[in-house]
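I opened my notebook to get to know a structure I had not looked at before.

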Amino acid sequence: AMETARSTLVHSNTSPSFSFLTMTAKLLILSVVMMQMGLAHASFTCKQLSRCPSGSCTRMNIRNDENKHHAAATHLQSTSSQSGYEVSVLYEGHRDSIFVQPTETILAALERSTTSISKKGVLNNLPHDCRRGNCLTCSGRIQDGAKSVRQDETTFLSEEARKEGFLLLCSSFVMGDGLSIELGRKEDAWKINYQDRFRSEETQRIGAEASAKMMRQIAELNPERWLARTERSLEDTDE
């Protein structure tokens, strides 16, 4: 075919249809070259198959690709696992550790955890309700590592309760290692938030001042009534 193509090119110089014959010869040469390339590729493939009978090379390549993907996934998981902190939790006598990411609340980490506590179903009874820091139902208490937690300051948890180590799981984020907390302390948080803090001397002083201010405002609105009450009070004193 190659010789025929060359002969066609030589004779095409004296032929009236020079352009047509030239194009035909070029197509013949191109076909021959492509055929030779195809035979070379087939020969190489046969050699490879002779080395890897029954397609073992293909299976080996697939296995290598799977190993590479698995290694990449393991590396990614290892990298992502480093972007968080381990927190020790105690609940109803059971202690375990959970992994908390910086962008999630402690409550969210507890809900997705697969620790021994959650497997025993203990966390199914973990109290929580509003998830906005209003009800204080998810209150816990810090046992260690107070500097490793950041609390949302817009919640209803009082400053007095915070100073006692209480936090809300739905509104607290872990910012470092070494945090240890006890879960299920809502009754204690409620007591401090709604009872104990109103019994302090400072609170009682503020309450007395507010009561006196209100009584004065009422007297200014009803001077006759205030005058009559004052006179009766003076008469009772004289007696």
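**Ground rules.** I am working with a predicted model, where local features need pLDDT of at least 70, side-chain atom pairs count only at pLDDT 80 or more, and totals for chains, interfaces and linings use all residues. Residues are numbered from 1 along each chain as its sequence is written, and side-chain values use heavy atoms, with hydrogens and water left out.

I take helices (H or I, at least four residues) and strands (E, at least two) as DSSP runs, numbered from the N terminus. "Buried" is under 20% relative accessible area, "exposed" is over 50%, and "partly exposed" is in between (1.4 Å probe, protein chains only).

**Salt bridges.** My rule here is a side-chain nitrogen of Lys or Arg within 4 Å of a carboxyl oxygen of Asp or Glu. I get seven salt bridges that way. Glu104 pairs with Arg112 at 2.6 Å, N to O. Glu104 counts as buried because its relative accessibility is 12%, while Arg112, at 38%, is partly exposed.

Next I checked Glu164 and Arg141, whose side chains meet at 3.4 Å, N to O. Glu164 sits in the loop between α6 and β5 and Arg141 in strand β3 (residues 139–144), so this pair ties together parts 23 residues apart in sequence.

Then I found Glu182 bridged to Arg185, with their closest N and O atoms 3.0 Å apart. Shared partners join Glu182, Arg185 and Asp188 into one network of salt bridges.

**Surface patches.** Patch residues have over 30% relative accessible area and no salt bridge; like charges are joined within 9 Å, nonpolar side chains (Val, Leu, Ile, Met, Phe, Trp, Tyr) within 5 Å. Which residues make the nonpolar surface patch of about 430 Å²? I noted Phe156, Trp190, Tyr194 and Phe198. Trp190 is placed in helix α7 and is partly exposed at 31% relative accessibility.

I also noted a patch of negative charge on the surface, where Asp152, Glu153, Glu159 and Glu160 gather. Glu160 belongs to helix α6 (residues 159–163) and, at 36% relative accessibility, is partly exposed.

Technical notes. Areas by Shrake-Rupley, 256 points an atom, 1.4 Å probe, with all protein chains shown as cover. Lys, Arg positive; Asp, Glu negative; His and termini not counted. Charge placed at Lys NZ, Arg CZ, Asp CG, Glu CD.
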